[in-house]
Amino acid sequence: MRERRKAPRRRRAWVAGILGAAVAGLFFANVLLGSYTVTVPDFLRLMGGAEIPGASFIVMENKLPQALLGLLAGASFGVAGAIFQAMLRNPLASPDIIGISYGASAAAVAAIVVFGARGAGVSLAAMGGALVVAVLITWLARGRGGTGLILVGIGAAAFLQAAVTFLLSRADTGNARDVMVWLSGSLAPANWQRVAFLAAALLVLLPLAGPGARQLRGLALGADTAAGLGFNVPRARLLLTLLGVLLAALPTAAAGPIAFVAFLSGPIARRLNNGAPSLAVAALVGAGIVLAGNLAAVNAIPRVSLPVGVVTGALGAPFLLWLLISSNRSNQGG
């Protein structure tokens, strides 16, 4: 009996270890490889403070901040997606599907275009926009269950996308160019200030995901079952929603709405974790998706560097179509 209990734990440990090694490999591939390659000895010299003409700027001010921002943003998106999908018991309940990421985007674009905000002002606007949209769609979908919230969220996302398009039409050339780069989801504008901001925020938020994971496992069984097991369902939903919104808004503020990372991470993590939700595995999957996407975006086409959101969007779109088709078939079969 004890051996049977240990088997899933061993599997989870193996999965986490393999994913961690893959993420580490992708991280160093982003830093060392590409149009400008760096050897491991030179990288170690740079980390030790040595100055190497050309390499010092390219690695320390460009490639390393981009890789770190991709790692942190991917992990944050992954956890946010897993929280909403498990809490609402629907793989479509991702921040970038139900409008929360669009709320962050619309508020950030308004701050840039209308108020000329930069840096921390854009970040605060993105967080405020995400929170407002989350509250709004929750209020509009009250009493309609998870499916109702998803439908309301999709409608809100369409409206906010139209608002972003309108704001872009009113922006001057310089602002419009900056906004388009940001909206595509790109690690190109990464710098040490953005990395430090996101790292500091995640140091506060991610430890809260530990206690939240237990609440999430209860809610994944359904509200009635969770209440029967002693969970305070309204409080758990409120805290998890707030955590999920912040974990979706913060990386959006730092790197833009990198498409479908939150949406893809949860289902992949569930498959790897024997069907059970795991925030740690989702974080590793999200980080791996962003780092792999950025590696492909920078190196796939010679002399062309694409935003990472283009690659993740290309991966996520067919997955979304497959999920919709398979869900429709299962409903018809039921």
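In the predicted model, Gln85 lies in helix H3. With a relative accessibility of 5%, Gln85 falls under the 20% limit and is therefore classed as buried. Gln85 also belongs to the set of residues that line the largest cavity. The C-alpha atom of Gln85 is separated by 26 Å from that of Ala163, a residue 78 positions away along the chain.

Rolling a probe the size of a water molecule over the atoms shows where empty space is left. When the whole structure was searched, one cavity of 30 Å³ or more was found. The volume of the largest cavity is about 40 Å³. Its lining consists of Ala82, Gln85, Ala86, Gly266, Pro267, Ala269, Arg270, Pro277 and Ser278. Two elements, helix H3 (55-88) and helix H11 (261-272), each give two or more residues to this lining. The greatest contribution comes from H11, which supplies four residues. Sorted by class, the lining comprises five nonpolar, three polar and one charged residues.

Backbone geometry draws attention to two loop residues. Arg89 is not a glycine, yet its phi is positive, at about 55°. Arg89 is found in the loop between H3 and helix H4 (100-113). The relative accessibility of Arg89 is 54%, and this residue therefore counts as exposed, the limit being over 50%. Phe260, likewise a residue other than glycine, has a positive phi near 65°. The position of Phe260 is in the loop between helix H10 (233-255) and H11. In contrast to Arg89, which is exposed, Phe260 is buried because its relative accessible area is 16%, a value under the 20% limit.

Charged side chains were then considered. The count of salt bridges in the model comes to one. This salt bridge joins Asp42 to Arg45, and the closest N and O atoms of the pair are 3.2 Å apart. Both residues belong to helix H2 (residues 40-47); because Asp42 and Arg45 are three residues apart there, about one helical turn separates them. Asp42 has a relative accessibility of 25% and so counts as partly exposed. Arg45 is also partly exposed, since its relative accessible area is 44%. Each of these values lies between the 20% and 50% limits.

Helix H2 also holds Met47. The relative accessible area of Met47 is 46%, so that this residue is partly exposed. Between Met47 and Val132 there are 85 residues of separation in sequence, and their C-alpha atoms are 42 Å apart in space.

On the surface, a nonpolar patch is formed by Leu136, Trp139 and Leu140. Together these three residues present about 300 Å² of accessible area. One of them, Leu140, lies in helix H5 (residues 120-140). Leu140 counts as partly exposed because its relative accessibility is 36%.

Technical notes
Residues are numbered from 1 along each chain as its sequence is written. This is a predicted model: local features need pLDDT of at least 70, side-chain atom pairs count only at pLDDT 80 or more; totals for chains, interfaces and linings use all residues. Side-chain values use heavy atoms; hydrogens and water are left out. Patches are made of residues with over 30% relative accessible area and no salt bridge: like charges are joined within 9 Å, nonpolar side chains (Val, Leu, Ile, Met, Phe, Trp, Tyr) within 5 Å. Accessible areas come from the Shrake-Rupley method with a 1.4 Å probe; for residues, only the protein chains shown count as cover. A salt bridge is a side-chain nitrogen of Lys or Arg within 4 Å of a carboxyl oxygen of Asp or Glu. Buried means under 20% relative accessible area, exposed over 50%, partly exposed in between (1.4 Å probe, protein chains only). On a 1 Å grid over the protein atoms alone, a cavity is a set of points where a 1.4 Å probe fits but cannot get out, and a pocket is an open set with protein on both sides within 12 Å along at least five of seven lines; lining residues have an atom within 4 Å of a point. Grid points are joined across faces, edges and corners, and a volume is the space filled by probe spheres set on the points. Ala, Val, Leu, Ile, Met, Phe, Trp, Tyr, Cys and Pro count as nonpolar, Asp, Glu, Lys and Arg as charged, and the others, Gly among them, as polar.
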